Amino acid sequence: MNKKRIKITISLILFVIAIAIDFDNNLINNAIYVVAYVIVGFEIIKKAIRNISRGKIFDENFLMTVATIGAFGIDEFPEAVAVMLFYQIGELFQNYAVDKSRKSISSLMDIRPDFANVEKNGKIQKLDPNDVKIGEIIIIKPGEKIPLDGYIIEGKSSIDTKALTGESLPKEVKEGEEVLSGSINLNGVIKIKVSKEYGDSTVSKILDLVENASNKKSKSENFITKFAQYYTPIVVIIAVILAIIPPLIISGTTFSDWLYRALSFLVVSCPCALVISIPLSFFGGIGGASKIGVLIKGSNYLEQLANTEIIVFDKTGTLTKGVFEVQKVKAIDVSEEELLKLAAYSENYSNHPIALSIKSAYNKAIDEKQIAEIQELPGLGIVSKIGNQNVLIGNEKLMNEKKIDFTKCDDIGTVLYVAIEKKYVGYILISDKIKDDSIKAIKNLRKINIKQIVMLTGDRKHVGENVAEKLGLDKVYSELLPDEKVRKIEKLLKEKSENGKLIFVGDGINDAPVLAISDIGVAMGGVGSDAAIEAADIVLMTDEPSKIVNAINLSKKTMKIVKENIIFAISVKILVLILSALGLTTMWGAVFADVGVSIIAIINSLRILSVKNI
Amino acid sequence: MKSKFKIKGLDCANCASQLEKSIQKLDGINNVSINFITQRMDLEYAETKKEKILENVRKIIKREEPDVVIEEV
């Protein structure tokens with residue numbers, strides 16, 4: 001690279017000398033031009049000869065060589081040198097810009113750990129993460145990246161999972177909890193027992209996925225490759241025609257004038273600006289998405305997201321939290337605290353999700369000595385004696401069976417009625433809760449004019465409809481079995497327009513057929529879940545459905561830039577071609593336009609990386 | 001069978017897509033994808049003839065882009 005720069009510099013100096021000083025003998029000027037030309041163009045000419053011997057006539061090196069030698073031929077010595085010189089300078093700039101963007105995009109994904117501190121026989125060894133085996137103990141100091149997935153066996157800390165999830169709040173972790181590779185340990189020293197080899201760990205999976213992503217090509221990329229295939233030959237053929245026909249049929253024109261115009265054609269015949277800026281834009285988009293915790297498995301998906309018309313959500317775990325929570329405690333004649341306490345004590349020995357939700361709502365230590373008797377009545381509830389009180393807790397049937405006079409609660413969810421000494425004292429309402437983020441997600445989807453927002457659920461009709469109503473969805477289909485979900489999606493697919501896309505967003509559990517049949521399958525909460533990463537086209541690393549809106553916006557921004565680049569580059573090229581054909585531009589102008597377009601297109605692509613406002 | 005390569009020394013994106021086309025035509029290659037920006041080449045090929053196929057790929061690269069080096073990852 002440095003050698004190239006030196007050559008360009010020397011050539012440039014010679015070129016300026018030859019232009020600035022009018023030597024008495026014109027031959028001296030011309031000799032300097034030729035020397036300058038050979039210094040800067042030798043590599044190109046060499047490559048051109050090599051390629052032409054293999055039949056690659058539309059190779060850019062060859063075309064540049066022909067254009068410049070042609071210029072010498074019609075006695076345009078300065079033009080010949082200038083074209084070669086600026087072409088090389090342009091290449092240099094382009095390489096620099098691509099290299100720079102390559103680095104800045106890769107740094108977004110720079111979550112690769114460099115080493116692991118492994119504890120062996122009481123000693124600590126610094127090893128390559130690839131060499132650490134399952135079951136080995138590694139130590140992570142504050143500020144270090146967690147190199148492999150594993151469970152904490154000693155210590156507690158807060159960890160930064162931003163690189164994995166885009167979530168900026170640190171996560172508190174303690175003994176027994178799982179930590180994922182790629183997160184950064186912030187304060188305490190932790191010891192973890194490795195649970196996955198490096199190749200299977202979260203960090204390698206993510207890197208692999210993002211690096212592979214740009215190899216699934218989008219329609220725009222294929223279009224540009226196709227375009228390039230025809231563009232160069234057509235321009236070259238027109239150049240040949242331009243050089244031969246007009247001088248023959250238009251009287252009073254010279255052959256060299258038309259040859260000059262034809263040579264300008266050759267200068268802009270390389271399609272490189274386009275061919276490079278499009279995949280660069282997609283790569284930038286995918287990199288930017290991974291920065292906000294959205295993994296996109298291919299440029300094609302990033303491209304299609306912009307055309308989302310119908311978005312279908314799964315309910316449980318996607319729009320709702322998927323865990324039961326105590327929503328309401330209604331106490332009559334006793335305190336809420338007392339009611340919850342009796343319920344928690346009665347449910348003490350049960351591991352049912354409902355029991356767990358009551359215990360977590362009570363959130364105090366349970367003094368088991370107070371539990372005198374417990375009897376579970378399947379399908380009804382629990383009869384117990386807590387302290388010296390006889391407690392009944394259960395559903396409507398239990399109350400009816402025990403002939404308790406109670407008031408029915410019509411709220412959505414599971415209702416547990418409580419009675420003390422056969423007297424009704426209130427109820428506890430437990431239900432799955434809508435995520436706060438779901439409300440934001442739906443609101444933002446409305447803002448970007450998604451045509452239909454639909455929810456599918458296997459849950460009961462009144463539960464499904466309640467959630468749909470609260471969120472303001474367009475349609476809800478309830479009580480669906482997995483295969484019925486597939487059929488509903490098939491039906492919805494028919495409702496979109498030709499280019500419109502249907503996205504399905506689920507939590508990745510039991511969703512595989514639905515993810516597969518949708519245009520784009522999105523799995524949520526992908527951190528650590530292999531199945532979700534496997535089945536989906538897009539993985540949201542956190543469990544926030546609103547991230548899909550960010551992804552759609554990013555896709556729109558990427559597509560806007562891609563279109564800008566395509567239109568800009570093609571129109572400048574066509575403009576230069578027209579001007580050249582009319583003899584209104586010089587070869588200098590042509591080479592400047594060509595190099596300039598490449599660089600501007602590359603810089604434009606890099607705008608995608610500023611994803612702050614998405 | 002799939003293999004991934006680091007591909008270095010490509011001059012331009014257009015050269016990448018032309019090289020891709022030539023490799024795609026090789027016998028035994030099911031799919032090839034070269035990415036100029038990530039400097040990656042992904043190959044999918046018939047497993048039985050791995051050695052022979054990879055040798056042909058190297059030959060093609062040597063012929064079309066002598067300055068390019070590839071390295072399996």
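A: A compact globule of 614 residues would have a radius of gyration near 25 Å, whereas the value for chain A is 35 Å; the radius is taken over C-alpha atoms, and the globule rule is 2.2 Å times the number of residues to the power 0.38. This is a predicted model, in which local features need pLDDT of at least 70 and side-chain atom pairs count only at pLDDT 80 or more, while totals for chains, interfaces and linings use all residues. Residues are numbered from 1 along each chain as its sequence is written, and chains are lettered from A and ligands numbered from 1 in the order in which they are written.

Along its principal axes, the C-alpha trace of chain A spans about 120 × 65 × 35 Å. Chain A holds 21 helices and 22 strands, these being DSSP runs numbered from the N terminus, with helices (H or I) of at least four residues and strands (E) of at least two. Of its 614 residues, 46% count as buried; a residue is buried if 20 or more other C-beta atoms, placed from the backbone, lie within 10 Å of its own, exposed if 12 or fewer do, and partly exposed in between.

Helix α1 of chain A, residues 2-20, can be followed residue by residue. Its 19 residues should span 27 Å at 1.5 Å a residue, and its end C-alpha atoms are 27 Å apart, which agrees; the expected span is 1.5 Å times one less than the number of residues. Buried in this helix are A:S11, A:L14, A:F15 and A:A18. They cover an arc of only 105° around the axis, which puts them on the same side of α1(A), the arc being that of the directions from the helix axis to the C-beta atoms. An α-helix has 3.6 residues a turn, so residues three or four places apart point the same way. On the other side of α1(A), the exposed residues are A:N2, A:R5, A:I6, A:T9, A:I13, A:V16 and A:A20.

Further along, chain A is divided into domain 1 (133-196), domain 2 (294-320 + 435-557) and domain 3 (321-433), with bounds that come from an automatic or database domain assignment. The C-alpha centres of domains 2 and 3 of chain A lie 36 Å apart. Eight residues of domain 2 of chain A are in contact with five residues of domain 3 of chain A, contact meaning that the C-beta atoms, placed from the backbone, lie within 7 Å. On the domain 2 side, α11 (315-319) and α16 (461-471) of chain A each supply at least two residues, and α16(A) gives the largest share, three residues. By class, that side has one nonpolar, five polar and two charged residues, where Ala, Val, Leu, Ile, Met, Phe, Trp, Tyr, Cys and Pro count as nonpolar, Asp, Glu, Lys and Arg as charged, and the others, Gly among them, as polar.

A:D436 has its place in helix α15 (residues 436-447) of chain A. With 11 other C-beta atoms within 10 Å, A:D436 is exposed. Its C-alpha atom is separated by 8.9 Å from that of A:L319, 117 residues apart along the chain.

Chain A also meets chain B, 15 residues of chain A being in contact with 12 residues of chain B. Of the chain A side, α9(A) gives the most, with six residues, and by class this side has nine nonpolar, three polar and three charged residues.

Conventions: Two residues are in contact if their C-beta atoms, placed from the backbone, lie within 7 Å.
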